[in-house]
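Let's take a friendly walk through this model together. Have the sequence and the 3D view open as you read.

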Amino acid sequence: MLRMMHAMEDIFGHISLNETSFHNRKDLIRLRTEDIELLLALHVPLQIYETELINAFYDHLMSFDFAQELLADPEVRARLQSTQKTYFRRLTAGEYDLDYAKDRIRVGIAHERVGLTTQWYIGSYAVYLELTCHYIAKILSQTPALIEPSINALYKVALLDITLAFDAYMYASHKSIHAARQEVSDKYEDQLNLQQTIDRIQKAFILNASYDSALELLLNELIEFTNSAFGLIGDVLHDENDAPYLKLRALTNIAWNDETRALYESNQANGLEFHNHHNLLGSVMTTGKPVIANSPNSDSRSGGVPEGHPTLNSYLGLPFYHNGNIVGMIGLANAEEGYTEKTVKRLTPILETLESLYEARKLRDQLTETLHENDELRQQNETQIAILLQKSADAIGIINKDMVITECNDAAVKLYGVSSRQDLIGLSPLKISSANQSRESSKNLAKHYISKALTEGYQRFEWLQNTIHGENTPTEVTLTPVIFHGEACIQVVWRDLTEIRAKENRIKQLAYFDELTGLANKNLFSDRVKHLLELSKRFNYTIAVVYLDLVNHEDVKETLGYIAGDDLLHAVARRIASTIRSADTLIRYVFSDDHRNFDIDQRAIDREFDSLARINGEVFALA
């Protein structure tokens, strides 16, 4: 009920429904006092037939599969029939005020939520009106002069109902499109945050001489990324009995007394060890799988916490591997909203990066031990760092202080469409950039960003590049200061945004245009009609909607195949589009009920539609 109230408030605000606007709607359809009086005169007589009418209405609906599924429960059907009586009586009650409008919108919301499409709604309403008109004619059989004006009055109220229900449907469509856009935006933002986190972790491992210092930075990044309160990172080692145990390398300082403070300081110096397998930490080591516990106190795997330890509200344990073997684990605790499998999935790229960095760190540690022995080993270390860069799927290059590319990877070769790395090495990055960015020349802006990277550290921005995809390709650029071949350089990562932009444009295209014909779809149709109605009220002119049904289209598909049927639709769309005026809008509006027959009397078509009439008479040739 509360959800319905919020939806009603949102819709009223969205369509600006108030006493004045609703009165204007009634004026637009010319709902006059005499119409209301005619309906009031029928109010009581129609109640004699309401049960018979509603039963006939539902009998008709039950001949369709959709309604049979929706109304399969007899209790649901009985409840809806009872509600229908109230709805039916209000139709002729004569009180068409703002409360009436709200009630009709409430009905539209209810229909949309149970999956009743606009096509079914209009079709059902048509049957409903047909039955009602039958009983009006029966009641007024002694005064036949009142039948036509009474039915006209009923149709005016029905149109009022339909427009209100359509407002509810259009609002739902607007919300779904907005939700889809927001989902894409959220996913992009999440991916961006994830990549920034990975970039900072890579920087920490590359630039920090101390492995433990790099792990401290990694732990802080993970705590912030998951909104956790504290955590730990440790190596998984094996004792003399080949049993795994955890040796801490990084730990959040949550000491709560002198004893635990001393323990924390000891851990920093020596590394605290955990050999107990009968707790949440041990479960990660023994199973080699992530452990999620959002109620640790009642979890069978939990071994409790030391006295005075901060309350453990939630816990996430993650193993990380190297060459298929578990080499370490991460423990995070007390995230505000707990942990889920989605959390594990979000952290997977970081764990994969950590595995690569673990190998790189091992190589670097081995090389560091002998770097002071001779220049040859120092050169070997530089080579290993270059190999690390080559493992990245992103395009990466090294730029020296003179703004010249001194190293790059194969991904950069692929992005810029050159033959080899040597084609890029020695070039200025400006050679592969567009001459100008949005604000100023590329040259001035590049100097600005490189200067900031050297003095302030990590920089990220968008840049127009000349890539294999063409000129002015949008890319995301990150600059990180590094030491390469003994010199202060900039590591630059180029990430092509073409696919992301294409997906965004694709979502916009699908939201408003039909995928098969390229014509506007019903969402754009709704927007255009609403806009034209506003203009027609303002400038007092008439708009027209012409519905063209493609007769025997199913026969074409069944005899010539679905491809031929699609070609026919596309050809019809192209021909009509070339015939109508530039100010007109051509829409493909797909109905769920394809069994409709329309008899076209071409003699009755007005001269203004002669071009459309000729389309109906011309022959389409399918290759």
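Here are a few questions and answers about the chain and some of its residues.

This is a predicted model, where local features need pLDDT of at least 70, side-chain atom pairs count only at pLDDT 80 or more, and totals for chains, interfaces and linings use all residues. Residues are numbered from 1 along each chain as its sequence is written, and side-chain values use heavy atoms, with hydrogens and water left out.

Q: How many helices and strands does the protein chain have?
A: Helices (H or I, at least four residues) and strands (E, at least two) are DSSP runs, numbered from the N terminus. On that basis, the protein chain has 21 helices and 11 strands.

Q: Is Asn-323 buried or exposed?
A: Asn-323 sits in the loop between strand E5 (315–322) and strand E6 (325–333), and its phi is near 55°, a positive value in a residue other than glycine. Buried means under 20% relative accessible area, exposed over 50%, and partly exposed in between (1.4 Å probe, protein chains only). Because its relative accessibility is 62%, Asn-323 counts as exposed.

Q: Which strand holds Asn-472?
A: Phi of Asn-472 is also a positive value, near 55°, in a residue other than glycine. With 44% relative accessibility, Asn-472 counts as partly exposed. Asn-472 lies in strand E10 (residues 470–484).

Q: What share of the contacts with a separation of 6 or more comes from residues 24 or more positions apart?
A: Contact means heavy atoms within 4.5 Å. In the protein chain, the share of these contacts from residues 24 or more positions apart is 60%.
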